Structure formats: C-alpha cells, structure tokens
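This report describes selected features of one protein and its ligand. Please examine the sequence and the structure before reading on.

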Amino acid sequence: MRLLYESVNIAATVNLLELCREFQVKRFVFGSSSSVYGATSRAPFSEDQIELRPISPYAATKLAGELMCYAYAHLFALPTVCLRFFTVYGPRQRPDLAIHKFTELMEKGQPIPIFGDGSTGRDYTYVDDIVAGVLAAIRLELPSAGEKVSFEVFNLGNSHPVKLTELVDLLEATTGRHAVRQRQDMQPGDVPLTWADVSKAERMLGYRPATRIEEGLKRFVAWYRTTSPLPV
Ligand SMILES: NC(=O)c1ccc[n+]([C@@H]2O[C@H](COP(=O)([O-])OP(=O)(O)OC[C@H]3O[C@@H](n4cnc5c(N)ncnc54)[C@H](O)[C@@H]3O)[C@@H](O)[C@H]2O)c1
C-alpha cells in the first residue's frame with residue numbers, strides 16, 4: 001500500500017507537473033489533504049502553520065506533493081493551488097471511507113468498528129461544498145509570472161468537527177437502523193481531530209460550506225439506497 005501512495009501521490013503528481021510545464025498549462029490545482037497537519041497541530045488548522053508533521057505514509061506523500069507543487073510554481077512560474085480537503089462525503093463516496101462503510105454495515109445489520117473510545121473528531125465536508133471550492137480555485141486570480149510565486153494553499157473543510165460516536169448516532173437517526181458498535185484499538189496513523197479554519201478560503205475564494213452534516217447524511221443515505229437496495 002505504501003508503494004502505491006508514493007507512486008500516485010508523488011510520482012504521478014510530478015508527471016502531471018512536468019506535462020503542465022511542457023504544455024504551458026495556465027493553472028494546476030492539487031487535491032491535497034487535511035492529513036498533512038498531522039496530530040500535533042493547533043486546532044482549528046490554519047494554512048499558516050508551517051511545522052507540519054504528518055503521521056502516516058499517505059499524509060507524508062500528500063505533503064510531498066504540495067512541496068513539489070511549490071517547487072514547480074517557483075521554478076517555472078506555474079500558477080498552482082493546493083486544496084486541503086477535509087473528509088469529503090456524499091453520493092458516490094468511496095466505499096472504504098467511514099460514512100459509506102458504516103451505512104453499508106448498518107443496512108446489513110452487521111457490527112461497525114469504533115476505534116478507541118469514539119472521541120476522535122472529523123470535519124466531514126459535503127462534496128457539493130468541496131466542488132464549489134475547487135471551481136473557485138480554478139478561477140482564482142493569481143499573480144502572473146515575474147511577480148511573486150504563483151502558489152496558494154487553502155483548507156476546504158466544514159469547520160464543524162463531529163465525534164465518531166456522534167456520527168454513528170446521526171447515522172442511526174438518518175437510516176432508522178440500530179448500529180452494533182464493536183470497539184477496536186485506535187489505528188496508529190489516525191489523528192485525534194481534524195478541524196479546518198476556512199477563513200482564508202472564505203476571504204480569497206468566497207468559499208462558504210453550506211451543508212450541515214444532518215442534511216448531507218440524508219442525501220448520502222438516499223443515494224446509497226437507490227444504488228444498493230437491500231434484497232427483499
Ligand atoms: N475523499 C476524501 O475525504 C479526501 C480527503 C483528502 C484528500 N483527498 C484527495 O482527493 C483525491 C481524490 O480522492 P477521492 O476520495 O475522491 O478518491 P476516489 O478514489 O473516489 O477518486 C480518485 C479518482 O482518481 C482516479 N485515478 C486513480 N488513480 C489514477 C491514475 N493513476 N491515473 C488517473 N486517474 C487515476 C480514479 O479512477 C478515480 O476516479 C485524492 O488525491 C485524495 O488524496 C480525498
């Protein structure tokens with residue numbers, strides 16, 4: 001798994017940066033991650049934190065991707081924006097991520113894993129809000145070559161962290177099903193909290209996350225049930 005992170009998050013990013021340089025592409029937008037902040041960051045996480053200490057290979061490779069973006073922006077005047085996504089969810093979410101995985105297990109009446117005491121918090125962000133932020137990043141005016149380095153980093157989060165136990169309660173209310181909670185040890189690369197400070201994105205991108213978790217979960221479960229109906 002570690003090799004895959006390196007080859008996609010670093011090598012493939014550099015391939016794309018090279019192609020952008022060769023073909024003089026006007027804008028590069030990199031999908032980065034809240035995980036670059038690591039476990040020791042001040043919360044809410046702000047882009048001006050520079051002592052970043054990722055605690056998983058995935059997070060380390062995402063930060064490496066950002067650094068390569070900066071190097072290309074600096075060396076080749078490639079206007080670049082890195083967007084740190086905070087736990088994106090909504091219709092078509094990857095099946096290995098918590099909300100999708102938990103919904104599937106609950107619909108099937110199977111136990112769901114609760115890591116540690118369930119107090120870890122995640123800043124779940126609805127996909128439509130993320131898309132609005134990505135579109136704004138594509139359109140953002142950046143300094144042209146010769147001025148300063150054309151490079152910006154933005155958090156795209158919801159700025160309302162939700163505890164794991166709270167998420168499961170909300171999923172029970174949304175699905176109308178009982179969750180069988182199965183305690184498991186904390187996973188070593190998991191951070192205790194993610195929480196985006198979105199003031200820079202609000203100021204420069206006009207980004208305003210508008211979807212409350214209750215509404216986002218309703219839309220996710222409605223989508224899930226149309227694509228994965230239970231056998232009758
Ligand atoms: N989902 C999240 O909560 C989240 C949070 C932070 C950052 N991110 C970042 O956002 C990006 C997208 O994540 P996602 O969760 O939407 O994943 P996803 O698996 O839903 O989508 C990834 C897409 O990339 C395509 N892809 C994968 N490898 C490829 C390759 N070698 N060449 C071309 N296309 C390839 C896949 O076909 C897929 O369409 C990733 O860079 C991830 O690190 C996601």
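Strand S1 gives the most to the shell around the ligand, namely three residues. The model is a predicted one, in which local features need pLDDT of at least 70 and side-chain atom pairs count only at pLDDT 80 or more, while totals for chains, interfaces and linings use all residues. Residues are numbered from 1 along each chain as its sequence is written, and side-chain values use heavy atoms, with hydrogens and water left out.

**The ligand and its surroundings**

Strand S1 (28-33) and helix H2 each supply at least two residues of the shell. Helices (H or I, at least four residues) and strands (E, at least two) are DSSP runs, numbered from the N terminus. The residues around the ligand are Gly-31, Ser-32, Ser-33, Tyr-58, Lys-62, Phe-85, Thr-87, Val-88, Arg-94 and Leu-97; a residue is counted as near a molecule if one of its heavy atoms lies within 4 Å of it.

The table lists polar contacts, which are pairs of N or O atoms within 3.5 Å; within protein, one must be able to donate a hydrogen and the other to accept it, and residues adjacent in sequence count only if both atoms are side-chain atoms.

| Residue | Part of the residue | Distance to a ligand oxygen atom |
|---|---|---|
| Lys-62 | side chain | 2.8 Å |
| Val-88 | backbone | 2.8 Å |
| Arg-94 | side chain | 2.8 Å |

Taken alone, the ligand exposes 830 Å², and the protein buries 41% of that. Accessible areas come from the Shrake-Rupley method with a 1.4 Å probe; for residues, only the protein chains shown count as cover.

**Helix H2**

Helix H2 (residues 57-76) has 20 residues and reaches 28 Å from its first C-alpha to its last, close to the 28 Å expected at 1.5 Å a residue. The expected span is 1.5 Å times one less than the number of residues. Among the buried residues of H2 are Lys-62, Leu-63, Glu-66 and Ala-73. Buried means under 20% relative accessible area, exposed over 50%, and partly exposed in between (1.4 Å probe, protein chains only). Just after H2, Ala-77 takes a positive phi of about 55°.

**Two further sites**

Leu-16 is found in helix H1 (residues 2-22). Is Leu-16 buried or partly exposed? Leu-16 is partly exposed, because its relative accessible area is 48%.

Thr-194 is placed in the loop between strand S9 (181-184) and helix H6 (199-205). Thr-194 counts as buried because its relative accessibility is 4%. A polar atom of the Thr-194 side chain lies 3.1 Å from the backbone nitrogen of Asp-123.
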